[in-house]
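Student: I would like to learn how to read the features of a protein model, step by step. Could we begin with the way strands are put together?

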Amino acid sequence: MPTETFEFQVEARQLLQLMIHSVYSNKDVFLRELVSNASDALDKLRLAKLRDDTLDADVSDPRIEIEIDQDARTLTVRDNGIGMSYDEVGQLIGTIANSGTAKFLKELEEAKDAGGAEGLIGQFGVGFYSAFMVADEVTLLTRRAGEGEGTRWSSRGEGTYTLETVDDAPQGTAVTLHLKPADPDNQLHDYTAAWKIREIVKRYSDFITWPVRLLPARPGEDGEAAGPETLNSQKALWARSRDEVSDDEYHELYKHISHDWRDPLETIRLQAEGTFEYQSLLFIPAHAPHDLFTQGYQRGVQLYVKRVFIMDDCEALLPPYLRFVKGVVDAQDLSLNVSREILQQDRHIRMMQRRLTKKVLSTVKDLMAKDADKYATFWREFGAVLKEGLVTDAENRDALLAVASFATTRGDEPTTLKSYVERMKDGQEDIYYLTGDSRQSLENSPHMEAFRARGIEVLLLTDPVDEVWVDAVGEFEGKRLRSVAKGEIDLDAAGEEKTEGEREKQAEEYGGLLGWMTERLEEDVKEVRLSSRLTTSPACLVSDAHDLTPALENMYRAMGQEVPRTRRILELNPDHLLVKGLNQAFRERGDQEDRADLAETAELLHALAVLAEGGQPKEPARFVKLVADRLERTL
C-alpha cells in the first residue's frame, strides 16, 4: 500500500500546537508517558496470550528498550507488546476519541502555573502527544501481535500525518523522536544524554513490572557499557514491606496509576492472609477529577493476580461511591482468565470489596480524628460522592454517617450529626435541615427565620444527593431528620411564645382569608395556612411531609423520568403588615367584585414566596406587569 497522508482531527491539531509551543517547566514527562504506554502494551499482550494460547506472539522476553543516537539526535522507545494494526493507528493516534478533550484544552489554556499545566497531560489520556514538546518529528513503527504486516506513522505536528504498511516490522511498537536542539533556558534538556534518561526512568518508572533497558551507544562513543542496562527495579511496591518503600515511591506509583501530577492525600495499605490472600495499595487523591460525576467516568482499581496484570479498572472491588479511590489489588487465588462477569459474581471478590470498603472508611475516620486539615480537604473534594453511599450501602451507613460532616448555621466549621445531637436544645426532638443550591440562599431563606430567632441549629445541605439521602437515612440516634421546609413545624418546645388560645383566635380571624386564597390559588397550591416558621417574611412555600421537593422533581425530570407536578402549601405570616393589611381589606370588602384587586395581591404574595426560595414565577411576564402596576400607583 502506498504512503497516504491524512489530516489530524481538529481537536488533535489544537493539542499538537499547544505541545509544540509548550511552556511547561517540566518537559521530562514525555518519557514517563511513552514508557507507560509501552508498559500497557506489554500488559495487554500478556493478557491476550493467557486468553488465547494460539496467538502467534513472542512473549519470551517482554521488555521496553530505550535507544539514543547522539549524532542523529534521535530517541527511540520500543516495546515488544501487543502492537497496533493499520486501522488502530489511525484511530488512536490520528484522532482523540475522548469526550474530555475540549475540557482538557480549556483547562490547559486556563492553567496559570506551569505545574498545573504539565499535570493535565496524563490526566486526559493524551500522553503520546507530549512527545511533540521535545521533538520536531515523531515516527511510529508498529505491528500487532499475530498479524503479518506492520504500519509506519509519521508526523511533524503540522496538521497532517502519513500512514504506510511495511513488511518487516517487529512485533510491538517503536516511537522515534527527532529531538529539538537542547535549550536549558526553556527547560528543554539534552535527551540524548544517558544520565538524563536514567534519571527520568528512575524517577517515574522504577516500579513498572517490565524491564526498561537502555541500549548501549555505538562502540567507542560516550564510554557506555557493551550490554543493555536495566534502569528500573521492577519491584511491585505493594509486595514490599512498608519499611522498604519511601513515601516518594508510593507517590510516584500513584501518579503512574492515576495520571495525576499531585501527591495523593493518603496512602492505604492492606494485606489479607488466610484462606484467600491478597495485597492492596490504595490512594485517596488530593483533588477530585473534573469528570467524577459524569456518566463515562472510568472508575475502579487495577487488578493483578500473582503480580500479573489483569485489568485496569476493576469496578467490582469498590462500590461506586468510592470511585475516586485509585490503586492496585493483587490477589493470589483468582484465575488469570477472569472476566468482568465472573468478578461480579465471585464470592471472594465480594469479600474483598467488603474489606476494602471498610478499610477506606476507617482510614477516613482516622483522618477525622487525627488530621483535621487532611480530613477537611477530603470532605471538600469527595464529600458529595461519599454521601451517595448513604443511599446505596445500607451495610456501611453507620460508618458513613460517622465520617460525614455538614455545613450548619452554627458557624463556618462543618459539624457531624453526633456533635449536632449533643448541642440540641432542651426539648428539641428533631435534627433540622434545609436543602438548596448554596449556603447563602439557604441562610436567607424565609424557612429559617423562626429557627434563627430561637437559636435553633439547622444543617445546610447544598449537594444534589442531599435531597435523597436524608429520606433514605430517616433518623440518627433516635432523632428524626426533618426538613424545615416540609410539613408543619411546631416550635412550642423550643420557645414558641404564642399560647393555644392566641393561636385559635388568629386561626378564626384569618379563616376567611385563608379559605378564599386557597380557592383563588388552587392551581398552584393545595392549601393556604398560617405559619409558625416566619418572623420577617410575609409568606413562604412548604411541601407536605411526604411530598417531593421542587429540587428533587427537577432532578428526576433531568434524568428523563416524568413526575407529576406537586402542589405545595402557602404559609402566611400573621404578624406581617402586608398579611394583616390583606386580611383587613378582605374582611372590609364583602363581594367578589370588590376583591378583584385583592386577588392580584394574593397572586403576588404567592410569586414572592416562589422567588424567595430561588424559584421562578409561573408567568414571569405577568408577575412583572403586576409589580409595575403596583409601583406606578405609589408614585
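Tutor: Two strands are said to pair if DSSP finds at least two bridges between them, and helices (H or I, at least four residues) and strands (E, at least two) are themselves DSSP runs, numbered from the N terminus. This is a predicted model, in which local features need pLDDT of at least 70 and side-chain atom pairs count only at pLDDT 80 or more, while totals for chains, interfaces and linings use all residues. Residues are numbered from 1 along each chain as its sequence is written, and side-chain values use heavy atoms, with hydrogens and water left out.

Student: In which sense do β17 and β18 pair, and over how many bridges?

Tutor: Strands of a sheet pair through backbone hydrogen bonds, either parallel or antiparallel. Here β17 (residues 430–435) and β18 (residues 459–461) pair in the parallel sense over three bridges, and Thr435 has Leu461 as its bridge partner in β18. On β20, four bridges join β17 in a parallel run, with Leu481 as the bridge partner of Ile431.

Student: What is the order of the strands in that open sheet, and which are the edge strands?

Tutor: The order of its six strands is β16-β15-β18-β17-β20-β19, and the pairing is mixed. The edge strands, each of which pairs on one side only, are β16 (411–415) and β19 (475–476). An antiparallel case is the pair β19 and β20, held over two bridges, where Glu475 stands opposite Arg480. The hairpin of these strands has two residues between them, and Glu477 takes a positive phi near 50° there.

Student: Which helix lies across β17, and at what angle does it run?

Tutor: For such angles, axes are lines fitted to C-alpha atoms, for helices over the stretch in contact, and the angles run from 0 to 180 degrees between N-to-C directions; contact means heavy atoms within 4.5 Å. Helix α16 (residues 466–473) lies across β15 (406–408), β17, β18, β19 and β20 (479–483), and runs at about 160° to β17. Its buried residues (buried means under 20% relative accessible area, exposed over 50%, partly exposed in between, with a 1.4 Å probe and protein chains only) are Asp466, Glu467, Trp469, Val470 and Val473. After α16 comes Gly474, whose phi is positive, near 80°.

Student: Is Lys255 buried or exposed, and what does its side chain make a polar contact with?

Tutor: A polar contact is a pair of N or O atoms within 3.5 Å; within protein, one must be able to donate a hydrogen and the other to accept it, and residues adjacent in sequence count only if both atoms are side-chain atoms. Lys255, which lies in helix α7 (residues 247–258), is buried because its relative accessible area is 14%. Its side chain makes a polar contact with the side chain of Asp263 (3.1 Å). Leaving aside neighbours within four places in sequence, Lys255 is in contact with Asp260, Trp261, Arg262 and Asp263.
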